[in-house]
Structure formats: C-alpha cells, structure tokens
Amino acid sequence: MLQWLPENVSTFGQGVDNLFHAIYWLTVVVFILVMGTLIVFLIKYRHQEGKKADYIEGSTTLEIVWTVVTTVIVFVLAMFSYPQWNNIKSPTQFPENPDVVVQVSGKQFNWDMTYPGPDNEFGTDDDLELENELHVPMNAVVHIRLTAEDVIHSFFVPQLRLKQDALPNRFINVWFQTELDDKPIQNFERLKAKGYFAVTLTPADANTPLISGTILKETEDTLELEVGDETQTISKANVKQLAPKVWRYEIPCAELCGFGHSGMLGYLNVHTQESYDAWVQERWPQ
Amino acid sequence: MHDNEHTEHHHEESFIRKYIFSLDHKTIGKQFLIYGLIMFFVGGGLALLFRWQLAYPDQPLPIIGASQQYLDEGEVVTGADRMWERIYESDKEEWLETSMPSGVITPEFYNMLFTMHATIMVFFVVVPILVGAFGNFLIPLMIGTRDMAFPILNMLSFWLAVLAAIVMAIGFFVPGGHAAAGWTGYAPLSADPQWTGVEWGQNLWAISLLIQGFSSLVGSINYITTIINMRAPGMTFFRMPLVIWSLFIVAILLLLAFPVLSSALALLIFDRLAGTTFFSATAEGGGDPLLWQHLFWFFGHPEVYILILPGMGIASELIAVFSRKPIFGYRSMVWAMIAIAFLGWIVWGHHMFQSGMRSEMGNFFMTTTMLIAVPSAIKTFNWLGTMFRGSIRFTAPMLHGIAFVSMFVIGGLSGIYMANTPVDIFIHDTYYIVAHIHYVVFGGSLFAIFGGIIFWFPKMYGRYMNDALSKIHFWLTFIAFNCTFFPMHILGVGGHMRRISNPQQYEFLQVFEGMNIFITMSAFTLGFAQLILVFNYFWSMYKGKVAEQNPWQVNTLEWEAPTPVPHGNFGQIPTVYRGPYEYSVPGEEEDWTPQAQPEHAPATGGD
Ligand code: HEM
Ligand SMILES: [Cu+2]
Ligand SMILES: [Cu+2]
C-alpha cells in the first residue's frame with residue numbers, strides 16, 4: 001500500500017516514511033493475528049449439535065498481559081516519534097541560518113509568496129511578491145513564515161511530507177530542506193511523478209544539439225516538451241540522458257477554505273543552484 | 001390501528017397519546033429509531049450526490065442531469081433537458097438552478113453536501129439511534145423498571161430532536177444555501193458570511209445543533225437518573241449488561257460534552273449576528289480562530305466515543321448471546337469503557353496537530369491518544385476471548401456483531417497512524433481520515449445498529465425480521481462498505497485531500513481517477529442495499545414471523561417482559577439473581593440462565 005506514497009524529496013521526509021512503514025508493518029501483523037484468530041475461532045467454535053460452550057469468565061493473567069504489551073508497544077512507538085516531530089515542527093530545533101526565507105500567505109484562493117529581497121527584510125521596496133509560485137534552490141534550508149489573510153488554509157507539499165495550517169493574524173514558522181540530486185539520469189520512468197520539470201536532454205544521436213525545455217506531458221515512451229514557444233514530442237528511446245534544471249511540486253491547500261478550496265494550488269519550484277542564480281539575477285538585477 | 005389485547009392498561013389511550021406524544025419509553029425509542037432511519041437516507045442521499053462529483057467531476061448527474069447535446073448545443077433531447085429548459089426560462093431563481101445548474105454540482109453546493117452529510121449522520125442518525133432509540137428502548141427493560149425516571153422529559157427530548165431536524169431541513173432552502181464550512185464548522189470560515197456566501201444556512205445549522213444539544217441533555221439526565229435509581233432488586237452495577245454500562249457512560253459524556261459545543265455555537269451565533277469577534281482575529285484584536293477548534297474538539301472527541309461506545313455495548317450483547325458464553329473479562333470490559341471515557345477528555349488536540357500548536361503539546365496529545373488505543377485493544381481481545389470455545393451461532397445479528405469487531409479493528413489500527421504526529425503531518429486532512437472515520441462509525445456503530453435492530457426487533461414488534469433479507473442486506477452492505485471505504489486508505493496514502501470537489505485539478509492525483517470511480521460505484525451499491533433493510537423493517541412489522549417471548553434465549557431482563565411489551569413493561573418487577581452473561585453454566589441443563597431465574601440451590605449463591 002505504501003508504494004502509493006508520493007516520492008519523498010525532503011531531508012526529514014525519510015524519518016516520516018520510516019515511521020509510516022514501521023506502523024504499517026505493526027498494524028499489518030496485528031491485523032493478521034487478530035483476524036486470523038477470529039476466523040479460526042469462528043470455524044472451530046461454530047455451533048455443533050450436542051456440543052456446549054465452555055463456561056469461561058475471563059483470565060486476569062491474560063488481561064494483564066495484553067494491557068501491558070499494548071501499552072509498551074504504544075510507548076515505544078511514541079518514543080521513536082517525538083524526535084521526528086520536534087525536528088519538523090519545533091522552531092527551536094530548526095536549522096539556523098536559512099538560505100532562503102519566504103513569507104507564504106494563504107488567501108481565498110491563492111498562495112501569496114513574498115520574498116524579502118537582497119536586504120533580507122520584509123516590507124521594503126525590494127520585496128518580491130509572486131502568486132502561487134515558490135522558488136527555492138535545491139538542498140537549501142528554507143524557512144517559511146506562514147500566515148493567512150482571511151480564513152484558515154493549510155500549506156501542504158506531499159513530496160516534502162510537510163503540512164501546516166496557515167492562520168489569519170498569526171505567523172507560524174516552518175522549514176524544509178530538499179534532498180535532490182542534479183546529476184544527469186538515464187532512467188526515464190515516471191519523470192513527472194518525480195517532479196522533473198525544466199530539463200536538458202542529451203539526444204542519443206550525438207550530432208543533434210541539446211534540447212532544453214519543460215515537460216508538459218509524459219507517457220511511457222514519450223515526452224512532450226515545451227521548448228521556447230513550441231511543443232515537441234520526443235521519444236524516450238532517443239534520449240541518452242536527462243539533466244534536471246527545475247523540479248516542480250504542487251502545493252495544494254489542505255484545509256477547507258471556501259468554494260475555491262478545491263483547486264487552490266501553488267507550485268514549489270526547486271532549482272538547481274545554477275538555475276536559481278539565474279532566477280535571482282532576473283528578479284533583482286544587480 | 002392495532003387492537004392491543006395484551007395491554008394490561010385499562011383506559012384506552014388516544015392515537016395521539018399513544019403513538020405521537022407518547023410518554024412510553026418504548027414508543028419514544030421506536031420514534032427515535034424511525035427518525036434516525038429517515039435521516040440516514042437523507043444523509044446517504046447527500047453522500048451519493050457528492051460521490052458522483054468525485055468520480056465524474058463537473059459532469060451532469062445521471063437521470064436529473066442535462067444531456068451532453070443540451071449542454072453543448074442547447075438541443076433538448078431528454079426529459080431532464082426539458083426540465084432544465086423550463087427552469088432556465090422561468091424568471092424565478094430556482095433552487096436547482098443555483099445549486100446544480102444542468103445537474104452539475106457547483107463547488108459551493110459540493111461543500112454544502114459534505115457538510116450536511118456529516119452533520120446529519122453524526123447528530124441526526126448515529127446519536128439518535130444509538131442513544132435515543134436503543135437507550136430509550138433498552139434501559140428500563142434491561143434494568144427492570146417500568147419506565148424512565150422522567151417520561152415527560154423523555155418525550156420532550158424526542159420532540160426537541162424533531163424540532164432540530166426541522167430547523168436543519170429549512171436550512172437547505174434559504175438563500176445562500178446551507179452551511180458549507182464542514183461538520184467541524186471551523187472559524188473564521190463559519191464565523192463570517194463573507195467567506196462562504198452562506199447567510200442563514202450556517203445560522204440555522206448552529207441553532208439546530210443547539211436544539212439538538214438540549215435534546216441530548218434532557219435525554220442524558222433522564223438516563224443517568226434512571227440507571228442510578230431505578231434498577232430492579234438485585235441489579236447491582238456489576239450485574240448490568242454491558243450495553244447499559246455503555247449507555248450510562250455515554251449519558252455522562254453527553255451531559256459534560258454537549259454544553260461545550262452549545263457554548264461554542266452560541267459564540268458563533270454572536271459572531272455571525274451580533275458582530276462579536278470571538279473566533280476571528282483581526283489586527284485590531286478580537287478573538288482567535290483556534291478557540292473554536294479547541295471548543296469544538298473538546299466536545300468532538302468525547303462525541304466520537306459517544307458514537308462508538310453504545311455500539312461496543314450492543315456488539316458485546318450479540319457476541320455473548322450467540323457464542324452462548326459469558327463475556328470474557330466482564331469487569332475489564334467495564335473498566336476499559338470507563339478508561340476510554342476518561343482518556344477521551346485529554347486527547348482532543350490530536351485533531352489539531354497541524355493547527356500550529358506547540359510541538360510539546362503535540363507530544364502530549366500523541367501520548368494520550370496512543371494510550372486510548374490500549375482500552376480499545378483490550379475490548380477487542382475480550383470479544384475474541386468471548387468467542388473462544390464458544391458455540392457460535394451465525395444468526396443475522398451475530399454476523400453484524402462479528403463485522404463490528406473486525407471493522408473496528410481496522411478503524412482502531414488506522415487511528416494509530418494518525419495519532420503518530422509525524423505520520424499525521426502527511427495524512428491529516430486526507431482521505432485517510434475519511435477512511436478511519438467510516439471504519440469506526442459505519443463499520444463500527446452502524447453495523448452494531450443493524451445487528452441491534454434485528455436482535456431486538458422481536459421485542460419491539462413481536463415479530464422477527466425476515467432472516468434471508470437480513471442476511472442478504474448484511475453481505476451486500478459488508479462487501480460494498482469495504483469496497484467503498486478501504487480504497488480511501490490508499491487515496492490518503494497518495495495524499496488525496498479531503499473536502500475537494502475535483503481531484504482532477506491536481507497533477508499528483510490523476511492516478512486516482514479509476515479508484516474514485518470504483519469507490520463511487522461501490523457507494524451507490526452500498527446506498528441501494530440499505531433499501532433492503534427498510535423494506536425488511538416495515539414488511540416485518542406487519543408480516544414477519546411471530547416471535548415468542550424470548551426467541552434468542554437471552555438472559556437479560558428485557559426478555560422477561562411479555563411480547564409485545566405492555567405499558568409498564570413487567571407484570572411484576574423481576575428480581576435479579578446473577579450477572580447478565582451466565583451462558584453454558586456447568587451443571588445446568590439449558591445453556592442459559594436468565595438473570596431473573598431464582599437460585600435453585602441457595603447454597604451456591606453469592607455473587
Ligand atoms: C484506537 C482508537 C482511535 C485512535 C487512536 C484515533 C485517532 C484519531 C486521530 C489522531 C484523529 C485525527 C486525525 C487528523 O485529523 O489528522 C482521528 C480522527 C477522527 N476519529 Fe479517531 N481514533 C480512534 C478511534 C475512533 C473512534 C472509536 C471513533 C468514532 C466512533 C473515531 C472517530 C473519528 C472521527 C470522526 C475523526 C475525524 C474528525 C474530523 O476531522 O472530521 N475515532 N482519530
Ligand atoms: Cu483551502
Ligand atoms: Cu479524536
């Protein structure tokens with residue numbers, strides 16, 4: 001069942017996934033044991049002519065055993081969970097000196113992103129406001145000041161294993177750091193699901209020039225790429241390797257916020273360092 | 001109507017006194033049952049509407065929706081097209097036109113649908129049936145008394161519930177539509193009409209729940225008083241059947257929890273109508289949206305246990321009776337329920353893990369929540385222990401009891417994922433929660449309700465429900481239920497948010513299109529399967545096989561009363577000699593020993 005989890009790309013996401021898996025196996029085992037016992041009992045102790053049930057009122061030993069065992073299990077589970085939770089949600093444990101600080105504000109029905117600009121201060125002239133587009137460099141520590149303008153929204157990036165409600169008149173700090181690899185890849189399966197967005201393709205035919213574009217659509221064998229103003233369909237078989245420039249992840253709103261809640265959607269663009277520098281240069285030309 | 005020769009009462013009561021404004025706990029119980037079943041169909045119908053939208057986003061509904069030709073070219077082809085044509089041509093703003101033009105559910109309407117679905121199912125179906133119907137019918141009969149302590153309050157409780165339902169129903173037809181802020185009514189969305197466009201709908205929602213709260217309060221005071229004061233001679237607390245224990249505990253929870261909701265609702269109404277800002281934060285000051293969540297969940301978590309405890313009680317009765325064995329660990333079953341009721345007050349924060357609470361609070365609430373899984377596990381093990389070396393009869397009620405246990409196991413286990421704060425970061429507000437809720441409330445409470453109805457039907461109406469129909473209904477429901485709700489775990493693992501009207505708007509949810517269609521088809525099957533139950537219910541009332549006084553050979557006192565139970569219940573109040581689950585006692589000829597059967601050898605007595 002857990003293969004349905006979206007790709008994880010954050011540093012703390014692995015910890016979440018590990019717990020997810022641990023609880024998954026714990027519950028699967030408990031489920032099989034309980035259901036197995038139930039089914040065995042139902043078959044073995046079904047009513048048979050001439051056979052009476054045994055008069056058993058209970059067993060104090062058993063009661064103590066299963067109380068203690070379940071209590072121990074849940075405490076052990078809790079012990080493993082505290083550090084993960086604190087690591088993600090406790091501001092005192094955030095990595096200091098973030099590479100990027102952004103303010104994200106939910107409002108019916110958009111995510112407003114505010115960058116403090118080169119002076120690193122909000123509320124000054126060099127602030128940059130973007131609607132629904134968040135840009136960060138890969139593997140950088142990002143701090144987000146999360147707030148909302150009207151009602152409660154919830155900032156959710158499935159691939160980061162991050163979710164935090166955004167409240168009006170309150171600033172909640174969240175952080176994340178991606179863990180991505182920008183080495184060119186040769187395996188072209190499920191590229192979109194893995195977030196590949198802006199890419200540079202090296203064609204198999206050495207004489208053809210590199211192709212840079214953004215992935216619009218993907219089938220098992222082909223890629224539909226937007227290159228400049230036009231759309232090209234390229235067979236994956238004709239590609240030697242693919243180098244990422246930008247990964248793109250959806251930022252749905254996860255808390256009911258009105259009629260536009262469904263479809264309230266932003267994007268997290270994670271750039272390679274080079275691509276991010278270019279983006280910064282474009283926004284705040286020196 | 002019927003002649004009632006069995007009634008020992010001398011004076012003839014008028015039809016109104018007897019069937020409408022009745023003071024008899026049994027009639028009131030049946031009234032609550034019918035009320036709950038009617039609301040069950042309203043709530044279910046709403047769900048089918050929004051399930052259609054989830055499977056086929058923005059496509060017109062079947063039957064009442066316009067045809068594609070009509071949508072594309074305005075060409076009238078079907079009868080539905082003609083209806084829409086008429087609606088569009090009339091000058092009046094028709095209800096259908098604003099909520100689902102051409103049969104396509106608008107996002108506003110969608111929000112209203114799931115809000116009202118959950119509100120109705122929680123407050124107008126499960127609680128009225130479990131507490132109102134079973135509570136009323138069973139408490140006096142099972143503790144051995146003639147009626148509730150306060151029959152007039154009892155009647156009031158039912159008619160307040162009717163009033164609440166009427167107020168809630170009006171909300172569907174006011175301009176701006178009904179409440180659309182979720183059954184949890186989170187502020188500020190619910191607190192200011194400007195955020196939803198909903199005006200009186202939300203007000204009526206709050207007022208109706210306030211009235212429903214009074215109804216519950218009145219009922220719970222009655223239950224508590226009756227159970228404490230009116231038990232038959234010999235009926236000590238620890239000889240009470242578990243279902244009575246569960247209703248007793250639930251009545252206390254209701255008494256303590258509902259006022260919290262009522263005060264929150266009152267503040268909400270002030271915010272909406274009197275311009276206060278209890279639940280909205282502005283730069284100039286004001287209140288706090290989180291205050292609503294704390295109040296709501298401080299009520300809400302005990303409330304979810306109100307939804308399950310009587311189900312546990314009913315399942316315990318069914319399993320003991322049809323395994324012909326004493327409940328395994330009767331006392332620890334009671335203490336587990338008491339533990340659940342206590343712990344239930346200190347776990348509400350688990351609904352708010354992602355609300356921005358301090359991480360220390362998250363740790364606290366994770367610990368308490370995981371602890372509450374312990375008594376739940378104890379109960380499960382004891383049910384298994386009850387079946388161990390029993391003599392299990394697979395009657396229709398027992399099938400439901402077994403389904404209750406297995407579905408509750410799934411719901412309890414999925415609760416552990418969400419109690420785990422790091423994992424909850426991902427699955428909070430996804431379909432994982434929706435799966436969890438339905439495994440506990442539908443898989444749990446509703447299966448117990450169905451089982452309980454079939455089990456006590458002979459005592460209620462003097463006839464059996466049709467066995468074949470009951471079993472067909474059971475299997476269809478069981479299979480369709482799992483096909484509907486199990487895949488929702490997978491949606492949740494995939495990150496599928498709840499409360500969105502169109503998953504196709506998200507790239508990462510495209511893969512789930514097929515699964516959503518499958519769920520919707522299963523949901524329709526599940527919905528239509530319930531018609532069998534209703535048919536069976538009303539058919540059996542008049543045509544079912546006539547039942548003897550104690551058809552399932554049960555020990556508890558309700559079966560001592562003649563069938564149909566007369567006004568006043570018992571000819572002579574029975575005396576209780578033993579616990580409720582003395583089945584297959586060694587040395588006894590029969591495999592059951594009724595609570596009211598006198599000791600034949602006083603020397604062995606002494607409980
Ligand atoms: C083993 C016991 C249980 C545990 C550990 C547990 C845990 C949880 C947690 C942590 C949540 C919040 C999840 C979130 O919003 O992220 C939740 C939600 C919920 N639970 Fe349980 N639960 C348990 C049993 C039950 C039972 C017995 C019921 C009711 C009969 C129930 C009904 C609900 C409902 C209705 C919600 C969702 C409320 C909403 O947001 O609309 N749970 N549960
Ligand atoms: Cu939203
Ligand atoms: Cu809860």
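A: We may begin with His436(B), which lies in helix H16 of chain B; helices (H or I, at least four residues) are DSSP runs numbered from the N terminus. The model is predicted: local features need pLDDT of at least 70, side-chain atom pairs count only at pLDDT 80 or more, and totals for chains, interfaces and linings use all residues. Residues are numbered from 1 along each chain as its sequence is written, chains are lettered from A and ligands numbered from 1 in the order in which they are written, and side-chain values use heavy atoms, with hydrogens and water left out.

Q: Which residues coordinate the copper ion (ligand 3)?

A: The copper ion (ligand 3) is held by ND1 of His301(B), NE2 of His350(B) and NE2 of His351(B), at 1.8 to 2.0 Å. Their spacing in sequence is H-x48-H-H. Distant parts of the chain are linked here: His301(B) belongs to helix H11 (residues 289–323) of chain B, while His351(B), 50 residues apart from it, is in the loop between helix H12 (330–343) and H13. The copper ion (ligand 3) and the iron atom of ligand 1 are 4.7 Å apart.

Q: Is His301(B) buried or exposed?

A: Buried means under 20% relative accessible area, exposed over 50%, and partly exposed in between (1.4 Å probe, protein chains only). His301(B) has a relative accessible area of 4%, so it is buried.

Q: How many aromatic pairs does the structure hold?

A: Rings of Phe, Tyr and Trp (its six-membered ring) pair if their centres lie within 6.5 Å; planes under 30 degrees apart count as stacked, over 60 as edge-to-face and the rest as tilted. Over all chains there are 86 aromatic pairs. In one of them, Trp383(B) and Phe408(B), the centres are 6.3 Å apart and the planes at 85 degrees, so the pair is edge-to-face. Both Trp383(B) and Phe408(B) are buried.

Q: What kind of pair do Tyr439(B) and Phe486(B) form?

A: Tyr439(B) and Phe486(B) are edge-to-face, at 6.3 Å centre to centre with 90 degrees between the planes. Tyr439(B) is buried, at 0% relative accessibility, whereas Phe486(B) is partly exposed at 35%.

How values were computed: Helices (H or I, at least four residues) and strands (E, at least two) are DSSP runs, numbered from the N terminus. Donors are N, O and S atoms within 2.8 Å of the metal (3.2 Å for Na, K and Ca); water is not among the atoms, so sites may look incomplete.
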